[in-house]
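Q: Got a structure to go through with you. Can we start with the ligand and then look at some strands?

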Amino acid sequence: MKVLVAVKRVVDHNVKVRAKADGSDVDLNNVKMAINPFCEIAVEEAVRLREAGVATEVIAVSVGEKTCQEQIRTALALGADRGIQVETETGVEPLVVAKLLKGVVDKEQPQLVILGKQSIDGDNSQTGPMLGALANMAQGTFASEVVVDGDKVNVTREVDGGLQIVSLNLPAIVTSDLRLNEPRYASLPNIMKAKKKQLDVYSPADLGVEVTSHLTQVKAEPPAERQAGIIVADVDELVDKLKNEAKVIS
Ligand code: AMP
């Protein structure tokens, strides 16, 4: 069983994101980039399936500029077998990414496609469901457990107020939630080995996709500054402030 994993290059989750002075976008100058954390979880799940003898090959795919090859190499160091970059400008919208991933799905015919539930830069949560629709595949989103059982995959989904288990016919799409697994660290020997693994580059035209944009980012601005808190001496002072300053109790 072939597993395709989509990995996105995003700002490292430890970086405090700043908007550009003109508010046109996020400032990515000299900012540390990394693999999207939910994609790391997706890679880990695929590699575990291969280690368990369920999957035979794990392919990591990323859509973006040449720099996203760094994140494909990270996925290869974590255990993916080979990589695919679909070369585009940075910041293509989820619908375009989904169409390009559909092109890769048509070429590779994987039985399972694992994506992150969300990218931490755009917070879109759109690509997996859009790919499911375009490829006409069943999908299990927000997965906290994935069990392949013959020609089906059972996905435990984290939904509001509990868990839902769905059984999907393969080929299927899964999007990973935080509790699906705890990704391993790449060892130095594996980082070295990853440099030699196969990495193919396709253009959108190779996949028969025309890159068009349907949305424009109007503005990027930081959240309003939060006011500093204060420490009160005792409960009486707290009650007094809630009553007379904040006026939230009477
Ligand atoms: P989003 O819909 O942007 O929140 O992204 C959800 C998931 O779709 C990510 O965690 C990735 O698995 C996948 N994805 C989104 N954008 C890309 C991209 N440029 N390249 C590869 N995978 C992507």
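Q: How far is an oxygen atom of the ligand from a polar backbone atom of Gly116?
A: The distance is 2.9 Å. Keep in mind that this is a predicted model.

Q: Which other residues put a backbone N or O atom by a ligand oxygen?
A: Ala6 does, at 2.8 Å. Gln126 also has a backbone N or O atom 2.8 Å from an oxygen atom of the ligand.

Q: And how much of the ligand's accessible area does the protein cover?
A: The protein covers 98% of it. On its own, the ligand has 480 Å².

Q: Which residues come nearest?
A: Ala6, Ser119, Ser125, Gln126 and Thr127. They belong to a set of 17 residues around the ligand.

Q: Which strand gives the most to the shell?
A: β4, with three residues. Both β4 (57–64) and β6 (112–116) supply at least two.

Q: OK, strands now. How do β7 and β8 run, parallel or antiparallel?
A: Antiparallel, with six bridges joining residues 138–149 to residues 152–159. Asp149 has Lys152 as its bridge partner in β8.

Q: What's in the turn there?
A: The hairpin has two residues between the strands. Gly150 in the turn has a positive phi of about 65°.

Q: How many bridges link β8 and β9?
A: Eight, also in the antiparallel sense. Glu158 stands opposite Leu163 in β9.

Q: And which glycine has a positive phi in that turn?
A: Gly161, at about 80°. β8 and β9 form a hairpin with two residues between them.

Conventions:
Residues numbered from 1 in each chain as written. Predicted model: local features only at pLDDT ≥ 70, side-chain atom pairs only at ≥ 80, totals over all residues. Heavy atoms only, no water. Near = heavy atom within 4 Å. Polar contact = N/O pair within 3.5 Å; in protein donor to acceptor, adjacent residues only side chain to side chain. Areas by Shrake-Rupley, 256 points an atom, 1.4 Å probe, with all protein chains shown as cover. Helix = DSSP H or I, 4+ residues; strand = E, 2+ residues; numbered from the N terminus. Pairing = 2+ DSSP bridges.
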